[in-house]
Amino acid sequence: MFGFIKKGLQKTIDVIKNIVPEKKEKIEKSVIEEILIECDMEYDVVEMVLNDLPDEISRDRLFKALHSLFAEKQIFDMTQKPFVDLIIGVNGAGKTTTIAKLAKKAKDDGLKVMLGAGDTFRAAAIEQLKRWADKIDVPIVYTKQGHDPSAVAYDTIASAVARGYDRVIIDTAGRLQTQTNLSNELKKIVKISNKALENAPHRKILILDGTQGNSAILQASAFHEIVGVDGIIITKLDGTAKGGALFSISSRLKLPILYVGVGEKESDLIEFSPEEFVNSILDTIYKAEAKETNE
Ligand SMILES: Nc1nc2c(ncn2[C@@H]2O[C@H](COP(=O)(O)OP(=O)(O)OP(=O)(O)O)[C@@H](O)[C@H]2O)c(=O)[nH]1
Ligand SMILES: [Mg+2]
């Protein structure tokens, strides 16, 4: 039943298996504490979770405690045409790859998708997104290196409006000469997108590198302050044992995790479900089946 996310969580699950040699109905608090810390849940969050729990913890109690850490998913009116996603995040976080994955998902759902190569800082970034656009077979709006990214955002949205497209996904640079430059550039892209289409960008999605674990929280707060993030995508979950950081990232930032990246291919993106995530972890610890906890 919970097959998909387990693929991305394998390394985290391996760490847990080493701590819990035998699955039981109830697990000692000290063992749960060790598991959560080893999986890179922030210590303050671990304490908060364990505070209200008894010395021997049932699956049901732990499920509720862990599940409550995740921020509620905001409902977006995705019927707005075009629905515009702006993708932000630091250098190397996985923005461009994730855009390809999101584009493929939307295309597979029968939507007309257009990409905007808003990372004009590096020529290679434009080329990389063009290659993905070719592979997935979706149109892309781009310009020369060094040109104004907000103009690319504007042109992409305007073209999508004119051609009746359903979805626009805009890439951005992860690094400029200074932090202030990046901050001003992102604000400008948002402002100009809004001139191209009211309410655009509809979602500002922050991409975080999952291998960074909890250290991504500070970085995320900075982006949130600059533009106001609507949702997070955590990439490279396949390459890390720090899956527990997802709890602290979502609860500290009070932002929903929309998807997780579990590989480098365009199909390696999984819609994030807090239930499935928590159950995948609990399946490794407890004897009792998941369905008993969901009643
Ligand atoms: N294993 C794994 N690798 C990933 C995942 N997502 C992205 N990557 C890899 O991470 C590297 C960086 O990804 P990019 O998409 O180029 O990152 P970016 O944020 O666009 O980087 P810049 O354009 O330099 O700011 C690439 O080698 C990707 O293949 C993932 O979910 N799993
Ligand atoms: Mg990129």
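**Helix 10 and onward**

I started with helix 10 (residues 245-253): 8 of its 9 residues are buried, so the rest of the structure largely encloses it. Buried means 20 or more other C-beta atoms within 10 Å of a residue's own, exposed 12 or fewer, partly exposed in between, with C-beta atoms placed from the backbone. Helices (H or I, at least four residues) and strands (E, at least two) are DSSP runs, numbered from the N terminus. The model is predicted: local features need pLDDT of at least 70, side-chain atom pairs 80 or more, while totals for chains, interfaces and linings use all residues. Residues are numbered from 1 along each chain as its sequence is written, and chains are lettered from A and ligands numbered from 1 in the order written.

I listed the buried residues of helix 10: Ala 245, Leu 246, Phe 247, Ser 248, Ile 249, Ser 250, Ser 251 and Leu 253. Lys 254 follows the helix with a positive phi, near 55°.

I traced an open sheet of 8 strands, order 5-4-6-3-7-8-9-10, with mixed pairing. Strand 5 (140-141) and strand 10 (269-271) are the edges; each has a single partner strand, so one side of each lacks a neighbour in the sheet. Pairing takes at least two DSSP bridges between two strands. Strands 7 (203-209) and 8 (231-235) run parallel over 5 bridges. Ile 207 has Ile 233 of strand 8 as its bridge partner.

**Contacts of Ala 103**

Which residues does Ala 103 contact, neighbours within four places in sequence aside? I found Val 113, Leu 115, Ile 136, Val 138 and Ile 169. Contact means C-beta atoms, placed from the backbone, within 7 Å.

How values were computed
Two residues are in contact if their C-beta atoms, placed from the backbone, lie within 7 Å.
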